Amino acid sequence: MAKKKELRIGLIGTGFMGRTHSNGYNRVGNFFPKLEYKPVLKTVCSRTEDKVRAFAEQWGYESVETDWKAVIARNDIDAVDICTPNDMHAEIAIAAAEAGKMVLCEKPLARTLDEAKAMVEAVEKAGVSNTVWYNYRRIPAVTLAKQIVASGKLGKIFHYRANFLQDWTINANLPQGGEGLWRMDADVAGSGVTGDLLAHCIDTAMWMNGAIKDVAAVTETFVKERVHQLTGKVQKVSIDDACIFHCHFENGSLGLFESTRYARGHKALYTFEINGENASIRWDLHDLNRLEFFDNADASNVKGWRSIHVTDGDQPYMDKWWVPGLGIGYEHSFIHQVADFLKSLETGEPCEPTFKTALETQKVCEAVLEAAASGCWKDTGVDL
Ligand SMILES: NC(=O)c1ccc[n+]([C@@H]2O[C@H](COP(=O)([O-])OP(=O)(O)OC[C@H]3O[C@@H](n4cnc5c(N)ncnc54)[C@H](O)[C@@H]3O)[C@@H](O)[C@H]2O)c1
């Protein structure tokens, strides 16, 4: 077998996403053996030396850094992978692009549209490969849904509906800000559920159903003040705890989206449903190997929702895994994204969603927040 080309990774941030990405880099070669490139875990960065050393040992990184600027300054790094909270995305991505590094960035691309635009400009000016980890696209059942929609089987689409429900912030005594709780601090996160959760739903929706044209929205902050973990003071909560928006898609269909962290009993319930003239599909993250499909062309005596177990070799990505009938999990979506990024280096094709595509999701997020603040419909300016 030909010697593989190396993609030397510098990963920044060792929390939840640092682990999912490291797992992706470690496992991709075993399951996608034909790729020309292989990731090499050159360095990992986090601010605390002993913690980052333990992480490096656990996941197999060759070295550690405690300052992200040192990662970018190294000439043995080809790609910078940003797994930090949202307030660091723009600064790191722009510096990495200016240094000629490829950039893989966690979602949402940025806190604001202005930050996101500067990031797109930076990667395009530098001409570096880039991608944003909207990983749900790469769950096989979701990829299959995209293929079914693209085949035209649903006919004219009337409705797109998505929810992303959690319940971890109901306790009013939960502090905001700092390690583990930065999502509650608007200065760091940019927004609440809109950027954190709805951004995923918007990315998937526009990938499958095209541009979102305009939006009307309502947001709520149920707990108005919380102790800030870093200052120890009671401070105003500025994130949206819940957001509901509806919209028009460019293709004439209507969209309805809801996200909250106050839906008792739901941990990470991402669901979507698409209703077309001829057929409908729906998907549920808690049962991620299944795609539900209703085809109005079925004979009436057997007509009903089919539950497709997406585990067969002719279904997206599944020829790389076990035998038909055996499911895979959440972590595989990241392995698939690593594989697709490596493949994009071979083919020269972009690894979607690129920064430019993720900017369109950012436009919708910003329009949703503005619509909620003003109580008026807002054009998104999405240009897909
Ligand atoms: N794709 C997804 O489904 C998904 C899921 C969760 C989080 N995310 C995104 O991933 C990013 C990280 O989220 P997370 O859940 O992993 O957060 P986390 O809090 O678990 O981890 C963040 C990491 O960044 C490190 N960090 C913070 N500031 C740093 C700095 N200045 N230099 C170096 N390291 C620094 C922290 O020490 C920590 O290791 C966020 O943008 C988030 O929105 C995406």
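**Exercises on a predicted model**

The model contains an open sheet of six strands in the order β3-β2-β1-β4-β5-β6, with parallel pairing. Strands are DSSP runs of E with at least two residues, and helices are runs of H or I with at least four, numbered from the N terminus. This is a predicted model, in which local features need pLDDT of at least 70 and side-chain atom pairs count only at pLDDT 80 or more, while totals for chains, interfaces and linings use all residues. Residues are numbered from 1 along each chain as its sequence is written.

**Exercise 1.** Determine which strands are the edge strands of the sheet.

*Solution.* Two strands pair if DSSP finds at least two bridges between them. β3 (63-65) and β6 (130-132) each pair on one side only, and these are the edge strands. Within the sheet, eight bridges join β1 (residues 5-12) to the parallel strand β2 (residues 37-45). Arg8 stands opposite Val40 in β2.

**Exercise 2.** Classify the packing of α5 and α10 by the angle between them.

*Solution.* Axes are lines fitted to C-alpha atoms over the stretch in contact, with angles from 0 to 180 degrees between N-to-C directions. Helix α5 (residues 113-126) and helix α10 (residues 355-374) pack at about 170°, their axes 9 Å apart. Angles over 145 degrees count as roughly antiparallel; α5 and α10 are therefore roughly antiparallel to each other.

**Exercise 3.** Identify the residues that come nearest to the ligand.

*Solution.* A residue is near a molecule if its C-beta atom, placed from the backbone, lies within 6 Å of it. Of the 22 residues around the ligand, Gly13, Gly15, Phe16, Met17 and Glu106 come nearest. Helix α1 (residues 16-31) supplies the largest share of the shell, three residues.

How values were computed:
Parallel < 35°, antiparallel > 145°, perpendicular 65-115°, else oblique.
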